[in-house]
Amino acid sequence: MYKINENYLKLPGSYLFSNIAKKVAAYKEANPQKDVISLGIGDVTQPLCPAVIDAMHKAVDEMADGTTFHGYAPDLGYEFLRSAIRDNDYKARGVDIALDEIFVSDGAKSDSGNIGDIFAENNRIAVCDPVYPVYVDTNAMSGRTGEYLPEQEKWSNVIYMPCTKATNFAPELPKETPDIIYLCFPNNPTGSTITKAQLQEWVDYANKVGAVIIYDAAYEAYISEDDVPHSIYECDGAKTCAIELRSFSKNAGFTGTRLGFTVIPKELESNGVKLNALWARRHGTKFNGAPYIIQRAGEAVYSEAGKAQTKEQVAYYMNNAKVIMEGLKSAGFHVSGGVNAPYVWLETPDGMTSWDFFDHLLANANIVGTPGSGFGPSGEGYFRLTAFGTYENTLKAIERIKAL
Ligand code: MLT
């Protein structure tokens, strides 16, 4: 008889955002006349910019012609896209990344889950608490997290690094030594950031204890302050201890189009084995490449027009963040994030639990947000609103919250 991966049975409930989607669908079915506004999942609302659309149309025409048609994409991604990434995301910031250290994929969510394939089961992971749930869930699926302890809402073998108001929602170096450290800055869900000097401490720590940092920089386009690093490779020594995940979802609206990339420097080794070679092997075997049309779309993000147009979209969402921050502050809420990130993190009023506040907002203001406790136990008593809605809906939502 075949056996299933029993680690899946340990996972509590369903994926956070699937849970929320089910709740919202049930609410809408029971209240079809209500105008429900979603500021919950971090999904974009603005259409792909004209430079990207033009590139896609052109690529579609190429695919329709036998002389310019493209079949399987190269394992690591087309060189035109990897060169654009190398030059714009790294060289322009004084970081030297080689073309064969960049692996184009269908997005940072997939990569942050799949990267676990190249690590042994007996690695101990450390995560921020609260945290983007994909890191923990996918490690649980691989049997790395121990047992789920429902009363604590924690896994027995995970090192949780609380990110609280007292630490400006940044993690402190863990007391127990991890093997794999997940960091995400600008942070999802809290919208917090750390300075380059603070990130350097993490890099030094990882090199000292022999840990690898998986650095999720999906929200780097939202950085507005100078001392916040855009890439972990801006820190000295990061190439010997860090993998970086990037996405086209949040900076260029590719949540439905799917495109991202992972950087694994060739200096990154465990006992003489290069992680770059392992990931190249995995990528070649298990991934068929992001489609040509989508990679051309990604290349267009780096054109002059693409840069200007995507910058405008980021500014549009950051204006929403300002509307949320200012509106909530004027209504007496305690808020953070929202300055270098498209997420606003607020304290629930009157000591409400995160899920109670979720139900309250949905029922009384018809607004969907994300309960902080869904991201980890330290998120209890907090709530996340995203700036990815339309401007009109964001204004409307804030007026409704103020009127509660
Ligand atoms: C979120 O809402 O946290 C994000 O949309 C999740 C993701 O990007 O996968």
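# Reading rings and sheets in a predicted model

Tyr15, Phe17, Phe169, Trp345, Phe375 and Tyr382 form one aromatic cluster.

Me: Before we go on, what kind of model is this, and how are residues numbered?

Reply: This is a predicted model, where local features need pLDDT of at least 70 and side-chain atom pairs count only at pLDDT 80 or more, while totals for chains, interfaces and linings use all residues. Residues are numbered from 1 along each chain as its sequence is written, and side-chain values use heavy atoms, with hydrogens and water left out.

Me: How do I read an aromatic pair, and how many aromatic pairs are there?

Reply: A pair of aromatic rings is described by the distance of the centres and the angle of the planes. Rings of Phe, Tyr and Trp (its six-membered ring) pair if their centres lie within 6.5 Å; planes under 30 degrees apart count as stacked, over 60 as edge-to-face and the rest as tilted. By this rule the count is 24 aromatic pairs. Take Phe80 and Tyr292: the ring centres are 6.0 Å apart and the planes stand at 90 degrees, so this pair is edge-to-face. Phe80 belongs to helix H4 (residues 79–90) and Tyr292 to helix H10 (residues 292–301), so the pair ties together parts 212 residues apart in sequence. Helices (H or I, at least four residues) and strands (E, at least two) are DSSP runs, numbered from the N terminus.

Me: Is Phe357 buried or exposed?

Reply: Buried means under 20% relative accessible area, exposed over 50%, and partly exposed in between (1.4 Å probe, protein chains only). Phe357 counts as buried at 2% relative accessibility. Phe333 is buried too, at 14%, and so is Tyr292, at 3%.

Me: Which charged end sits over the ring of Phe80?

Reply: A charge sits over a ring if NZ of Lys or CZ of Arg is within 6 Å of the ring centre and within 35 degrees of the ring normal. Over Phe80 it's the charged end of Arg296, 3.6 Å from the ring centre. Arg384 does likewise over Tyr343, at 4.0 Å from the centre.

Me: Now sheets. What is the strand order in the open sheet of 4 strands?

Reply: Two strands pair if DSSP finds at least two bridges between them. The order is E13-E14-E17-E16, with antiparallel pairing. Strand E13 (335–337) and strand E16 (370–371) are at the edges with a single partner strand each, so one side of each has no neighbour in the sheet.

Me: What joins E14 to E17?

Reply: Strand E14 (residues 343–347) and strand E17 (residues 382–386) share 5 bridges; Leu346, for instance, has Phe383 as its bridge partner in E17, and Val344 stands opposite Leu385. On the other pairing, 3 bridges join E13 to E14, and Gly337 has Val344 as its bridge partner. E13 and E14 form a hairpin with 5 residues between them, and Gly338 in the turn has a positive phi of about 70 degrees. E14 is mostly covered, with 4 of its 5 residues buried.
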